[in-house]
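Please keep the sequence and the model in view while reading.

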Amino acid sequence: MNADPALIWAYLSQGPLLWLTATLMGYALGEAAFRAAGRQSWANPVLIAVILLGLLLTVTGTPYATYFEGAQFVHFMLGPATVCLALPMHDNLPQMRAAALPILAGLVAASVVAVVSALAIAQAFGLGAEVMASLAPKSTTAPVAIGIAERLGGQPTLTAVLVLLTGILGAIIVTPLFDALGFRDWRARGLAVGTAAHGIGTARAFQVNPTAGAFAGIGMGLNAVLTAIIAPLALRFFG
Amino acid sequence: MQGGDRGLVLLVPVLWGLNFPATALMLDHYPPLLAATLRFVLLAIPAILFVPFPQVKLRWLVGTALGLGVMQFSFLYLGMATGMPAGLASLVLQASVPFTILLAAAFLGERLTPLRLAGIGIVAHLPLLREHGLALLVAIVVSTVLALVAGAGAFIFVARLTGQEER
C-alpha cells in the first residue's frame, strides 16, 4: 500500500467529491462561527465559507474549473432551494395580497435605485462599458444576473463576483441600517433586502424574522424580472 | 428623530453629491470662473434676504468668503473644466477633512486622537479608488445601502397612504 501523501492528494484532487466535501465543510464552519458569534450579522456564514474556500483554492493552486466540478452539485440545488421559497410565501399570501401596492412601490424603488446608483457611481469613476454591463444586474439572483450581463455585453465571471459581494454586504448591513433608521416594519425590511441583495439577503431575512423572510423571497423573485427590464434601459441612458 | 427625519438627513449627502454632476453639466455651457461666480450670486440672493448677518468681525467673514468661495470653488471648477471627472473631484474635495484636522492641531491646539489619525490614514488612501476594484466596491456598497433605504422607505410610505401599516 502506498501512503505517500502527495499521491493521495493527486488522487483526491482529481475527483469531484473532495471539492463537494470542502464546500459543505466550509459552510458548516461558517455556520458554526455564525452561531458562536451570537448570530451577529457581520459573521455571515456565506462570507466565512467563501473566504475559507478561496484560501484553500489559493493555497492548493486549484483552478476554479476543477473546484466547480465538485461544487456544481451544490450549485444545482440553488434551483430547488429557490422554488422552496414559495412555501413561506404561500403561508403569508393573505398578508401579501393586502400589501400589494406597498410591495410594488418598494420593489420598483429598490430595483431602480440599485441599478441607477451603481451605474452612476461607475460612470463617475470612469469604468468601461463592459464593467458597467457586468455591474448593472448585481442585485438579482446569480443565474439571472449572469444571463442579463451576458446579453448586455458584460463579463459573467465579474457579474458572479459582484452579485456575491452585493448579497453578503446587504445581508450584513440590513439589520443595523434599518435599526438605526427606525424602520420597524418587517414586511418593508424583508422586501428591501430581498430586492437589493437577492438570495443571501433573503437567507438573512429568514434568520431574523419569518415575515421578513417571506417578503424578501417575493422581492428577490420579482426583482429578477424587473431588473431584466430596467438594466438595459439604464445602461442605454448611461452608455 | 423619527424615521422620516432620518430620511431627510440622508437626503443632505445625496444632494451634496448631486452638486458635482450638476457642476460638470454647468461647465458644458459656461467658462469655469463665470460658472463659479453664477453659483455664488444665485446663492447670495436668498442668503442676504433670509439669513441674519453673522456676528463676527468683518475680516473673518471676508477671509472665509475668499478662502471658501473664491479659492476653493475657483480651483474646483477650473480643475473640472480641465478634465477631472466629477466623482474624483468630490473625493479630492474631501481632502479638506484631514488637512483641517492637521491644521487645527498645529494652529488651534486641538488634540490628535488615535481615532482621528486612523481617519486621516483611511482618507489618504482614497485616491486608490481610481483603480477599478475599489471603485466597484464603492459602487456596490453605496448602491446597496441606497436601494435598501429606498425600497423599505417606499414600502412604508405607500403602506401609510393605503392604510396598510403593520398592526
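The sections below treat the basis of the model, each chain, the interface and the salt bridges.

## Basis of the model

This is a predicted model, in which local features need pLDDT of at least 70 and side-chain atom pairs count only at pLDDT 80 or more, while totals for chains, interfaces and linings use all residues. Residues are numbered from 1 along each chain as its sequence is written, chains are lettered from A and ligands numbered from 1 in the order in which they are written, and side-chain values use heavy atoms, with hydrogens and water left out.

## Chain A

Chain A contains twelve helices and zero strands; here helices (H or I, at least four residues) and strands (E, at least two) are DSSP runs, numbered from the N terminus. Along the sequence, its pattern reads α-α-α-α-α-α-α-α-α-α-α-α.

Of the 239 residues in chain A, 46% count as buried. The term buried stands for under 20% relative accessible area, exposed for over 50%, and partly exposed for values in between (1.4 Å probe, protein chains only). When contacts between residues at least 6 apart in sequence are considered, 67% of those in chain A join residues at least 24 apart; a contact requires heavy atoms within 4.5 Å. Accessible areas come from the Shrake-Rupley method with a 1.4 Å probe, and for residues only the protein chains shown count as cover.

## Chain B

Chain B is formed with seven helices and zero strands, in the order α-α-α-α-α-α-α along the sequence. Of its 167 residues, 25% count as buried.

Among contacts in chain B with a separation of 6 or more, 57% are between residues 24 or more positions apart. The accessible surface of chain B comes to about 11,200 Å², with 75% belonging to carbon and sulfur atoms.

## The interface between the chains

The size of an interface is often given as the accessible area lost when the parts come together. Chain A and chain B bury about 3,400 Å² between them, and 79% of this area lies on carbon and sulfur atoms. Buried area is the accessible area (1.4 Å probe) that two parts lose on being put together, summed over both. On the side of chain A that touches chain B, the elements giving two or more residues are helix H7 (100-124), helix H8 (129-135), helix H10 (156-181) and helix H11 (186-208) of chain A. The residues of this side divide into 35 nonpolar, six polar and five charged. In this division, Ala, Val, Leu, Ile, Met, Phe, Trp, Tyr, Cys and Pro count as nonpolar, Asp, Glu, Lys and Arg as charged, and the others, Gly among them, as polar.

The contact takes 46 residues from chain A and 37 residues from chain B. One residue pair is in polar contact between chain A and chain B (both at pLDDT 80 or more). A polar contact is a pair of N or O atoms within 3.5 Å; within protein, one must be able to donate a hydrogen and the other to accept it, and residues adjacent in sequence count only if both atoms are side-chain atoms.

## Salt bridges

Over all chains, the whole structure holds three salt bridges. Glu31(A) pairs with Arg35(A), their closest N and O atoms being 3.5 Å apart. These two residues are four apart in helix H2 (residues 16-36) of chain A, so about one helical turn separates them. Glu31(A) counts as buried at 16% relative accessibility, whereas Arg35(A) counts as exposed at 52%. Another salt bridge joins Arg187(A) to Asp185(A), with the closest N and O atoms 2.8 Å apart. Arg187(A) is buried, with a relative accessible area of 1%, and Asp185(A) counts as buried at 8%.

## The surroundings of Arg189(A)

Asp179(A) forms a salt bridge with Arg189(A), and their closest N and O atoms are 3.1 Å apart. Asp179(A) lies in helix H10 of chain A and Arg189(A) in helix H11 of chain A, so the pair ties together parts that are ten residues apart in sequence. Asp179(A) counts as partly exposed at 49% relative accessibility, whereas Arg189(A) is buried, with a relative accessible area of 6%.

The side chain of Arg189(A) also reaches the backbone oxygen of Phe183(A) at 2.9 Å. Not counting residues up to four places away in sequence, Arg189(A) touches Val174(A), Thr175(A), Phe178(A), Asp179(A), Phe183(A) and Arg184(A).

Key:
Salt bridge = Lys/Arg side-chain N within 4 Å of Asp/Glu carboxyl O.
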